[in-house]
Amino acid sequence: MSNVITLREVAGGDACLHEALRAADLPTDDIEDDGRAFFEAVSGDGQMIGYAGLEPCAGDYLLRSVVVLQAHRCHGFGRSIVEATLRDVEGDVFLATTSAAPFFSTMGFAEVRRAELPAAVLATRQLSSICPASATIMKLTRPPT
Ligand SMILES: CC(C)(COP(=O)(O)OP(=O)(O)OC[C@H]1O[C@@H](n2cnc3c(N)ncnc32)[C@H](O)[C@@H]1OP(=O)(O)O)[C@@H](O)C(=O)NCCC(=O)NCCS
């Protein structure tokens, strides 16, 4: 199966985005706040594959809301979505995850301690209140390949 995808920006209020995040137990509390960008990923044959989001943090970014719909997992789409989302991003990229650290490790993310985070990343709603203290915080340490 080809894992080529196209990203299209969607609003934080998009009902299908909410449903996909809820189904994957990912937070939805702050996705309609200002400043975040969300993208839907569509396959070459027009199927909805998943979503990703970016939250700017004073020159750095929080990668968030990465989800591949259940039926499309384990075909390389997650990797394609992350690569496409970060293609034009400059600055450091961070994320928080409770379950997918091994997935992100395959793309050059490595765990960092909260004490090492830039203040603007630490101040995001995701890191300051929504994600549990036990979440793994990661930083992109090389281009996602
Ligand atoms: C995490 C998620 C996005 C992965 O999507 P996917 O399309 O199944 O992943 P891919 O097929 O692109 O896998 C890419 C690589 O990661 C590995 N991988 C994927 N999921 C993994 C996991 N849970 N643990 C370890 N490795 C994993 C794959 O083996 C693959 O490695 P390879 O390139 O060396 O073969 C998907 O499982 C998901 O939507 N999970 C629920 C939401 C979530 O936890 N999102 C992250 C929080 S922001």
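Visitor: How far does a backbone N or O atom of Gly76 lie from an oxygen atom of the ligand?

Guide: In this predicted model, the distance from a backbone N or O atom of Gly76 to a ligand oxygen atom is 2.8 Å.

Visitor: Which other residues have a backbone atom placed like that, say His75 or Gly78?

Guide: For Gly78, a polar backbone atom is 2.8 Å from an oxygen atom of the ligand. For His75, a backbone N or O atom lies 3.4 Å from a ligand oxygen atom.

Visitor: How many residues surround the ligand, and which are the closest?

Guide: The ligand is surrounded by 19 residues, and the closest are Val66, Cys74, Gly76, Gly78 and Arg79.

Visitor: About Cys74: is that residue buried or exposed?

Guide: Cys74 is exposed, because its relative accessible area of 82% is above the 50% cut-off.

Visitor: And Cys16, buried or exposed?

Guide: Cys16 also has to be counted as exposed, because its relative accessibility is 52% and the limit is 50%.

Visitor: How many disulfides turn up in the whole structure?

Guide: The search finds zero disulfides.

Visitor: Changing topic to the strands: how much of β3 is covered?

Guide: Strand β3, residues 48-57, is mostly covered, with eight of its 10 residues buried.

Visitor: In what sense does β3 pair with β2, and over how many bridges?

Guide: The pairing with β2, residues 37-43, is antiparallel and extends over six bridges. Within this pair, Glu40 stands opposite Tyr51 of β3. The two strands form a hairpin with four residues between them, and Gly46 in the turn has a positive phi of about 85 degrees.

Visitor: What about β3 and β4?

Guide: Strand β4, residues 60-68, runs antiparallel to β3, and seven bridges join them. Pro56 stands opposite Tyr61 in β4. Here the hairpin has two residues between its strands, and Ala58 in the turn shows a positive phi of about 50 degrees.

Visitor: What does Leu63 touch?

Guide: Leaving out residues up to four places away in sequence, the contacts of Leu63 include Gly53, Leu54, Val82, Leu86, Phe104 and Phe109.

Definitions and conventions. Residues numbered from 1 in each chain as written. Predicted model: local features only at pLDDT ≥ 70, side-chain atom pairs only at ≥ 80, totals over all residues. Heavy atoms only, no water. Buried < 20%, exposed > 50% of the residue type's maximum accessible area, 1.4 Å probe, protein only. Pairing = 2+ DSSP bridges. Contact = heavy atoms within 4.5 Å. Disulfide = S-S within 2.5 Å. Near = heavy atom within 4 Å. Polar contact = N/O pair within 3.5 Å; in protein donor to acceptor, adjacent residues only side chain to side chain.
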